[in-house]
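Hi,

Here is the structure I promised to send over. Have a look at it first, and then read my notes below.

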Amino acid sequence: MKGIQSIQRHIGNRNGAALAAMSAPQQNAICFEPDANVRQLFNGLFQQLRVIFPAVNAHIKTQAELDELRQQWTRAFAENGINSPALIQMGLQRARLSESPFLPSPGQFIAWCREGSSQLAGLPDLESVMAEFQHYSAQRGFYATPECFPWSAPIMFWLVTDMRRAMLQYNHTAGELRKVAERLLKQWEKKILAGQPIPAPKTQLADLRRPPTIGTEQGIATAKTDAKGQEFLNAIRARHSRGNTTTNED
């Protein structure tokens with residue numbers, strides 16, 4: 001009955017957008033269900049959160065409320081890949097610095113875990129990367145190659161040079177460049193936590209090979225055409241040499 005009344009109200013108000021939304025087929029949202037490991041992590045975590053944020057005890061009074069809280073937190077952990085004790089401990093370190101007695105939201109705690117994850121990997125924060133990028137951009141003309149620049153850490157070489165490459169290729173704005181830096185930090189975080197070391201900056205040797213001819217690139221050059229071209233080139237050089245000899249004799 002309520003649904004019919006709602007439709008009639010939207011018709012009377014000529015609310016086409018609302019009617020379209022009501023008639024559209026419902027799509028199931030993608031959701032990651034927590035596994036036993038995530039649930040176990042939260043159970044141990046919550047005991048510590050109740051001590052760090054004592055106000056939670058005044059709000060969670062029944063088992064149903066605790067079950068609902070556990071469901072929301074564990075689902076948030078599963079959806080965001082918070083599934084290791086090391087990440088939880090990083091989040092707890094940040095939580096202990098909070099001056100609020102109230103329990104943070106799952107999203108806030110996950111953000112603390114991610115900040116700790118970067119620290120665990122030994123990566124700089126975003127602001128440090130942006131500052132190094134600005135410093136290099138202002139001073140790079142004084143150095144023969146990017147490798148000669150006095151980087152604050154080897155990882156900065158790889159981050160900043162990739163950022164400059166993206167900026168020049170796509171004409172990024174400052175805001176877009178920050179997103180590039182965030183993406184690169186996440187990529188390096190995964191590599192480092194997987195055991196990949198950060199290589200030192202290496203000077204790239206110049207490629208002194210003669211570039212391929214247009215004929216080679218198009219696949220129409222052969223050994224016979226190359227030989228014929230060399231004959232023409234030798235003939236031109238010979239004529240030029242004879243011309244110079246005649247001029248000198250005059």
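When I count helices and strands here, a helix is a DSSP run of H or I with at least four residues, a strand is a run of E with at least two, and the numbering starts from the N terminus. On that basis the chain has twelve helices and zero strands. Keep in mind that this is a predicted model.

First, the overall picture. The chain has 250 residues, and 26% of them count as buried. If you take the contacts between residues at least 6 apart in sequence, 68% of those join residues at least 24 apart.

Then there are the aromatics. Searching the whole structure turned up twelve aromatic pairs. One of them is Tyr143 with Phe149, an edge-to-face pair with 5.3 Å between the centres and 80 degrees between the planes. Phe149 also pairs with Trp151: their ring centres are 4.7 Å apart and the planes sit at 65 degrees, so this pair is edge-to-face as well. How exposed are these residues? Tyr143 is partly exposed, at 30% relative accessible area, while Phe149 is buried, at 3%. Trp151 is buried too.

Elsewhere, ring pairs join Phe42, Phe46, Trp73, Phe77, Phe109 and Trp112 into a cluster.

Next, have a look at helices α9 (residues 154-170) and α10 (residues 174-193). Their axes come within 10 Å and cross at roughly 140 degrees. Angles over 145 would count as roughly antiparallel, so at that value α9 is oblique to α10. The crossing is right-handed. Which residues make the contact? From α9 they are Ile155, Trp158, Leu159, Asp162, Met163, Ala166 and Met167. On the α10 side you'll find Leu177, Val180, Ala181, Leu184, Leu185 and Trp188. Trp188 turns up in one more place: Lys191 lies over the face of its ring, 4.5 Å from the ring centre.

Last one: the loop between α9 and α10 holds Asn171. Most residues other than glycine have a negative phi. In Asn171, though, phi is positive, near 55 degrees. Is Asn171 buried or exposed? Asn171 is exposed, with a relative accessible area of 65%.

That's what I have for now.

Cheers

Technical notes: Residues are numbered from 1 along each chain as its sequence is written. This is a predicted model: local features need pLDDT of at least 70, side-chain atom pairs count only at pLDDT 80 or more; totals for chains, interfaces and linings use all residues. Side-chain values use heavy atoms; hydrogens and water are left out. Rings of Phe, Tyr and Trp (its six-membered ring) pair if their centres lie within 6.5 Å; planes under 30 degrees apart count as stacked, over 60 as edge-to-face and the rest as tilted. Buried means under 20% relative accessible area, exposed over 50%, partly exposed in between (1.4 Å probe, protein chains only). A charge sits over a ring if NZ of Lys or CZ of Arg is within 6 Å of the ring centre and within 35 degrees of the ring normal. Axes are lines fitted to C-alpha atoms, for helices over the stretch in contact, and angles run from 0 to 180 degrees between N-to-C directions. Angles under 35 degrees count as roughly parallel, over 145 as roughly antiparallel, 65 to 115 as roughly perpendicular and the rest as oblique. A crossing is left-handed if the near helix is turned anticlockwise from the far one by less than a right angle, and right-handed if clockwise. Contact means heavy atoms within 4.5 Å.
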